[in-house]
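Here is a short briefing to read alongside the sequence and the 3D view. Please keep both open as you go through the points.

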Amino acid sequence: MMAGLDLGNLGAIAAAFVVVASSPGPANLATASVALTQGQRTALIFAAGLSLGLAFWGVLAALGLGAVLRASETALVVLKLAGGTYLLWLAWQTGRSALKGGDVRAPDIPPGRWFLRGVLLNLSNPKAVFAWMAALSVGMGPEQGGAAVLTATLMCAAIGTLNACTWALLFSRPRMMTGYRRLRRGIEAGFSAFFALAGLRLLFWRGAPV
């Protein structure tokens, strides 16, 4: 136990972050899409990028900069535009693939670029910092010290990494990929529609994201 942070506090923070991290939002569905189309190795590289982007927001939230970001309308507008534009780009890429008939050969993209795409997806997602703040606020109070905040942040970062890798491993299973090849166009059209709606919602939401 340290500075008022006990197992109950850690359990509450972990439970809140699991709910936030595992919900089917843009990052998780993008991981599923990469796993289905590119396979396990590429999906895990993409998941590692997502984890780094998520951890970045965790550090900001732990340092208290999340509150500054939440209060800064200019910063939120910039993030909103970046995140919405990136999601619309994903929608366009996925939709273009869905329109192609027959088998589509996976593009030859270097692993480092997939990692960067994962990083950018979570860096351009302003909802990530609010998710961190919501989770940390469940079990943290003003009496907790820096060591407690660091412990909680590292735990949530580990949960985020485990979640991303789970999505990557689950959707890169042979049966999943076989089913995807049979229903490719419909699945990609669904992903495209989701990314487009998420991007438009991000561009036109007012106030803090929910």
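What is the mean pLDDT of the protein chain, and what percentage of its residues reach 70 or more? The mean is 78, and 76% of the residues reach 70 or more, where pLDDT is the predictor's confidence in each residue, from 0 to 100. This is a predicted model, in which local features need pLDDT of at least 70 and side-chain atom pairs count only at pLDDT 80 or more, while totals for chains, interfaces and linings use all residues. Residues are numbered from 1 along each chain as its sequence is written, and side-chain values use heavy atoms, with hydrogens and water left out.

**Confidence and helix α6**

- Confidence in the protein chain is highest in α6, at a mean of 91, and lowest in helix α4 (residues 65–71), at 58. Helices here are DSSP runs (H or I, at least four residues), numbered from the N terminus.
- Helix α6 covers residues 111–123, and its 13 residues should span 18 Å at 1.5 Å a residue; the expected span is 1.5 Å times one less than the number of residues. The end C-alpha atoms of α6 lie 19 Å apart, which agrees.
- Trp114, Arg117, Gly118, Val119, Leu121 and Asn122 are the buried residues of α6. Buried means under 20% relative accessible area, exposed over 50%, and partly exposed in between (1.4 Å probe, protein chains only).

**Packing of α2 and α9**

- Helix α2 (residues 26–38) packs with helix α9 (residues 174–182) at an angle of about 85°, and their axes are 9 Å apart. The axes are lines fitted to C-alpha atoms over the stretch in contact, with angles from 0 to 180 degrees between N-to-C directions.
- The angle makes α2 roughly perpendicular to α9, a label for angles of 65 to 115 degrees.
- Ala35, Leu36 and Thr37 of α2 make the contact with Met176, Met177 and Tyr180 of α9; contact means heavy atoms within 4.5 Å.

- Leu197 is found in helix α10 (residues 184–204) and counts as exposed, at 61% relative accessibility. Leu197 and Gly84 are 113 residues apart in sequence, with 9.4 Å between their C-alpha atoms.
- Ala198, also found in α10, counts as buried at 17%. Leaving aside residues up to four places away in sequence, Ala198 touches Pro26 and Leu87.

**Cysteines**

- The structure holds 0 disulfides, a disulfide being a pair of cysteine sulfur atoms within 2.5 Å.
- Cys156 is buried, with a relative accessible area of 0%, whereas Cys165 is partly exposed at 25%.

Methods
Helices (H or I, at least four residues) and strands (E, at least two) are DSSP runs, numbered from the N terminus. Angles under 35 degrees count as roughly parallel, over 145 as roughly antiparallel, 65 to 115 as roughly perpendicular and the rest as oblique.
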